[in-house]
Amino acid sequence: MPTSRFNIRRKPRLNVLQSEQVEDVYMATMEVLERTGVRITHQRSLDLLLDAGARVDGDRVRIPDSLVKDALNRAPSRVVLGTRSGERTVKLERNRSWFGPSLDCLDYLEPATGERRKFRLEDCRTTASLLENLPNYQWGMTFGLASDVPPDLSDRLVLKEALTYSEKPMVFCCKDINSLKDIYEMALVIAGDEKQFLNAPSIVMLADPISPLMLTDDTLEKMIFCAEKRIPQICYGAPQAGSTGPATFAGSIVQGTAESLIGLVITQLVRPGAPFIYGAFATVMDMRTTIFSYGAPEMILMGAALAQMSQHFKLPYFGTAGCSDAKLPDSQAAAEATMSCMSAALSGANLIHDCGLLDHGCLASPAFMVLVHEVLDMLAPITRGIQVDDEHLAVDVIHDVGPGGHFMQEDHTAEHFREVWYSNMFDRSNYVSWLEHGGLRFEERLREQTLEQMEHHERMLPEEKRKELDRMAEHWE
Amino acid sequence: MSQILEQIATGIIGGDIQGVEKLVQKALDEGQEAETILQNGLIVGMAEVGKRFKAAQMFIPEVLRAAKSMHGGQELLRPLLAGDKAGRAGKIVIGTVQGDLHDIGKNLVGMLCEGAGFEVVDLGFDAPPDKFTEAIKTHQPDIVAMSALLTTTMRAMGYTLKAIEEAGLRDKVKVMVGGAPVDAEFAERIGADGYGHNAVSGAEVARNLIEAG
């Protein structure tokens, strides 16, 4: 059974907030919820909140901190996701980190030709199969918005493809409650029945508040449905420092937290214990280009702070890493993704998405998925930390070898040298051997290895279930 | 190939130092020729080790254990092998040159050469030119191997070579050089016969120099 590769006890910890600052952020968030509140027009949500003690003034809802405290007490502090076949694999708890790809890309970067084109439904099969072959990704997303199917059906069709070709749990977005009902039906067919689905939920809904501080009727309908059915869900706003959020980082963290916690309050009123995942995509608006940055150091910093907040709340956290503003899986992309992956892992983010995403959220790239997968491989030894005990302190072997000796033939070396990480992609050979092996640039090796990975076979859903999904899809509208 | 020779080769690959010695003894007791055991057991195993290392399937500590097993087996066979070299690939005098205290690379080449069947005389580090010339006179090696890590000390390789020439010993030995700052061009400039760009290729260069005569 796959477990998180990150030993949570020895894992080095990145704290970007002092504990006093965590309290400050929390109190400021409570002040925003009590003073400013959020805009909600959805009647059932308004009724629920009013009954529970919120102050409702037209479409403005102000929430006292006691309501948030109640919700935090009711919410599960861990959520476990499972594979299509019911194996509980992704444990969202404490500082365990689980990486996965992205969703809703408009474009696709062909790994063989390097051509950039619109994302098509068939690309979901490629990316889902690739996901199946890359063990450092333990869960998936639906990758892209298929341009070759009716836009109203795209959300379900891409998820159907992803669930057909990969076993791993999938995070999805959907347009409305009808889509969500279709998706839930699909998940029940795949799991067998509701009981089996609840044993190891294999789908997670991503719900987006509109920053600043709004939740639409559609979003609330979907969130309430998920809470009722105990479908795990993420409530994840996008405070973009300087445009949809305040320009200061602490302020964007506060607003993002308020936007997520209002979702928590509503879901826990609907059904105490409904699985909920906290988070926010806090990043900066690039004031030179207006883009929403996926590689900014401030995004990385705020992401780490939000992870700390989640540990304070004892809620699972949805993080962002392994993505880039670059247009190709190039050096910029590698630098940005490496920094965000390391920070996400060490800050203890749980469900970390957007690995393999380029061009600030527009471009899905299998080659970049493979590159980031190797970055995660390289990260594993760092997150395992340093084992300190007599055997590893090695005083005896240091004494036996003594000054001027060497360790190459010691038993201690033979027993431990395999603790060192080796890459199959990053080159450490000397110049002469590198030339002898063709002197390949990194991009050329990446292309070759991506195509190799894509040759492997997907794990197809059993035929009778595929047929049932096909029958269901005929009635989608 | 008989089963025991296969086991010896497997033992070498697995770095089973005691196991290889026992198997070699057993093979001798069973009446196998020493030369056969060497060629079809030990050397077959070590050749496979070289292949696997190149393919990144084996790591240096494993190669060194294999080399040590090879060496142990060979020592048992040596008294029984005919010829003045007694089954040895040749003799190497190796050292880190004057002014340089870095010897890990030199040690590695030394151990790999032993594994490849050479008798290795190690002069240690910071070895002045006359230590090399004296060693040539005393040990009469086939090859002199010099190592340096620093751009400032690699020049001492040239001085050592000159000292070997001046002592009239240059035509008695092949000279090979290696170390991080050393490249093929430098080796040629100072008049060395061979250059290895890493430890494993160092051992190969030694074998090639012997084969070329």
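**Entry 1: a buried arginine and its partner**

I began with A:Arg156, which counts as buried at 0% relative accessibility, where buried means under 20% relative accessible area, exposed over 50% and partly exposed in between, with a 1.4 Å probe and protein chains only. I note that this is a predicted model, in which local features need pLDDT of at least 70 and side-chain atom pairs count only at pLDDT 80 or more, while totals for chains, interfaces and linings use all residues. Residues are numbered from 1 along each chain as its sequence is written, chains are lettered from A and ligands numbered from 1 in the order in which they are written, and side-chain values use heavy atoms, with hydrogens and water left out.

Looking for the partner of this arginine, I found that A:Asp182 forms a salt bridge with A:Arg156, the closest N and O atoms being 2.7 Å apart; a salt bridge here is a side-chain nitrogen of Lys or Arg within 4 Å of a carboxyl oxygen of Asp or Glu. The pair links distant parts of the chain, since A:Asp182 sits in helix 6 (residues 177–191) and A:Arg156 in helix 5 (residues 154–165) of chain A, 26 residues apart. Helices (H or I, at least four residues) and strands (E, at least two) are DSSP runs, numbered from the N terminus. A:Asp182 is buried as well, with a relative accessible area of 15%.

**Entry 2: other salt bridges**

I searched the whole structure and noted 30 salt bridges over all chains. In helix 18 (residues 463–474) of chain A, A:Lys467 and A:Glu463 lie four residues apart, about one turn of the helix, and they form a salt bridge whose closest N and O atoms are 3.3 Å apart. Both ends turned out to be partly exposed, A:Lys467 with a relative accessible area of 45% and A:Glu463 at 47%.

I also looked up A:Glu122, which forms a salt bridge with A:Arg120 at 3.4 Å between the closest N and O atoms; A:Glu122 is partly exposed at 47%, and A:Arg120 is partly exposed at 29%. Elsewhere I found a network of salt bridges that links A:Asp107, A:Arg116, A:Lys118, A:Lys327 and A:Asp359.

**Entry 3: a serine in helix 9**

Next I turned to A:Ser260, which lies in helix 9 (residues 249–270) of chain A and is buried with a relative accessible area of 0%. Setting aside residues up to four places away in sequence, I found that A:Ser260 touches A:Cys235, A:Phe276, A:Tyr278 and A:Gly279, contact meaning heavy atoms within 4.5 Å. A polar atom of the A:Ser260 side chain lies 3.3 Å from the backbone nitrogen of A:Gly279.

**Entry 4: backbone geometry**

Most residues other than glycine have a negative phi, and most peptide bonds are trans, so I looked for exceptions. The peptide bond from A:Ser211 to A:Pro212 is cis, with omega near 0°, and A:Pro212 is in the loop between strand 11 (203–207) and strand 12 (214–215) of chain A.

A:His360, which is not a glycine, has a positive phi of about 30°; I placed A:His360 in the loop between strand 19 (357–358) and strand 20 (363–364). A:Ala394 also has a positive phi, near 60°, and lies in the loop between helix 13 (390–393) and helix 14 (395–401), where A:Ala394 is buried at 12% relative accessible area.

**Entry 5: chain A as a whole**

For chain A I counted 18 helices and 20 strands. The radius of gyration is 23 Å, close to the 23 Å that the globule rule gives for 477 residues, so chain A is as compact as a globular protein of that length; the radius is taken over C-alpha atoms, and the rule is 2.2 Å times the number of residues to the power 0.38. Buried residues make up 56% of the 477 residues.

**Entry 6: the side facing chain B**

Lastly I looked at the interface, where 14 residues of chain A are in contact with 15 residues of chain B. The count between these chains is two salt bridges, and A:Asp411 forms a salt bridge with B:Arg65, the closest N and O atoms being 2.9 Å apart.

Definitions and conventions:
A polar contact is a pair of N or O atoms within 3.5 Å; within protein, one must be able to donate a hydrogen and the other to accept it, and residues adjacent in sequence count only if both atoms are side-chain atoms.
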